[in-house]
Amino acid sequence: MLDKKAMKIPKLACCNFIQDPVALKEFALTHGLDGIDWSFTAANAPNRPAEESRLMEIIDNLDPLEVRYHCAIHNMDLGDTDRERSKNALRTFKDLCRTVAKLGGRFFTIHVGLGRSRTHDLSWEDTVARLSQLVQFANNLGVRICLENLAWGWTSRPHLFEKLIRKSGAYATLDIGHAKVSPYVTSQHYDLEDFVGPQPDRFLNAHVYNVENSEGHLAPASLSDMESRLSLLRSLPLCDWWVLELHREEPLLQTLRVAREFFRREKNGNELRAAL
């Protein structure tokens, strides 16, 4: 008998990289994607009731695609040592959680240290305390906060990433491109598996592409570039949402081809084992 878990393919999504929502929906459906990972930025986050109403109309019109949410606002941190900035960050995150809930969303990915080159201006204790507060606030709205690992800083260090998740009660989003270039992994101080080993059941989402460099997110040339990392994602029991996090059409489609090749090989392998 085939392993039912192994045969259940995760939902594949793209981010809202096409500005026109009609064209975005058409692209996703044309290429057989399951959903949209909607990123809030400083430019598109709704600040007024009219803007929120317009966004609700856009999200409604993306049906039947599933939509999850992601905050990509740089230099907005719960643990900023500037008290006014930290208060504003918490207020903004809470407002976005309310918006996500109104939109019918249940998952919201956030970061610690996004857009910063150092953590000197962040307080670890305040980050943990306010992240815990935000997690509880979101839980009361039916929204799960998911912390994403970055390519540098606290969340690029597997043991600190795990500690932030555990102490705050957050869930997690594993970015396999960030994980690969983490200096703590490239130096072999940690293995990629160390990001997920302590709490595999806390990972609900993944960001799938090859690596991030100064040019941005890059697609894999072939399955061999990220096969081991996709296998790692498949070991996570609740990680059923894979965002092909590329912001141009051709690299995204190349990553989609690689992901589908991975699933074909996985299926063939399962069928072969079942036949033996």
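Tutor: Start with His207, whose bridge partner in E10 is Val243. In this predicted model, that pair sits where strand E7 (residues 203–208) runs parallel to strand E10 (residues 241–244), and three bridges join the two. Now zoom out a bit: E7 and E10 belong to a closed barrel of eight strands, in the order E1-E2-E3-E4-E5-E6-E7-E10, with parallel pairing. Ignoring direction, neighbouring strands in this sheet are turned by 30 degrees against each other on average. Helix H4 (residues 83–102) packs on the sheet and touches E2 (35–40), E3 (66–71), E4 (107–110) and E5 (144–148). The direction of H4 makes about 155 degrees with that of E4.

Then there's helix against helix. The axes of H5 (residues 124–140) and H6 (residues 158–168) come within 8 Å and cross at roughly 45 degrees, so the two helices are oblique to each other. Their crossing is right-handed. On the H5 side you'll find Trp124, Thr127, Val128, Leu131, Ser132 and Val135, and they meet Leu160, Lys163, Leu164, Lys167 and Ser168 of H6. Sort the residues of that contact and you get six nonpolar, three polar and two charged.

How far to trust it? The chain's mean pLDDT is 95, with 97% of residues reaching 70 or more. Residues 1–6 are where to be careful: pLDDT there is below 50, and the stretch has nine contacts in the model beyond near neighbours in sequence.

Conventions. Residues are numbered from 1 along each chain as its sequence is written. This is a predicted model: local features need pLDDT of at least 70, side-chain atom pairs count only at pLDDT 80 or more; totals for chains, interfaces and linings use all residues. Side-chain values use heavy atoms; hydrogens and water are left out. Axes are lines fitted to C-alpha atoms, for helices over the stretch in contact, and angles run from 0 to 180 degrees between N-to-C directions. Helices (H or I, at least four residues) and strands (E, at least two) are DSSP runs, numbered from the N terminus. Angles under 35 degrees count as roughly parallel, over 145 as roughly antiparallel, 65 to 115 as roughly perpendicular and the rest as oblique. A crossing is left-handed if the near helix is turned anticlockwise from the far one by less than a right angle, and right-handed if clockwise. Contact means heavy atoms within 4.5 Å. Ala, Val, Leu, Ile, Met, Phe, Trp, Tyr, Cys and Pro count as nonpolar, Asp, Glu, Lys and Arg as charged, and the others, Gly among them, as polar. pLDDT is the predictor's confidence in each residue, from 0 to 100. Two strands pair if DSSP finds at least two bridges between them.
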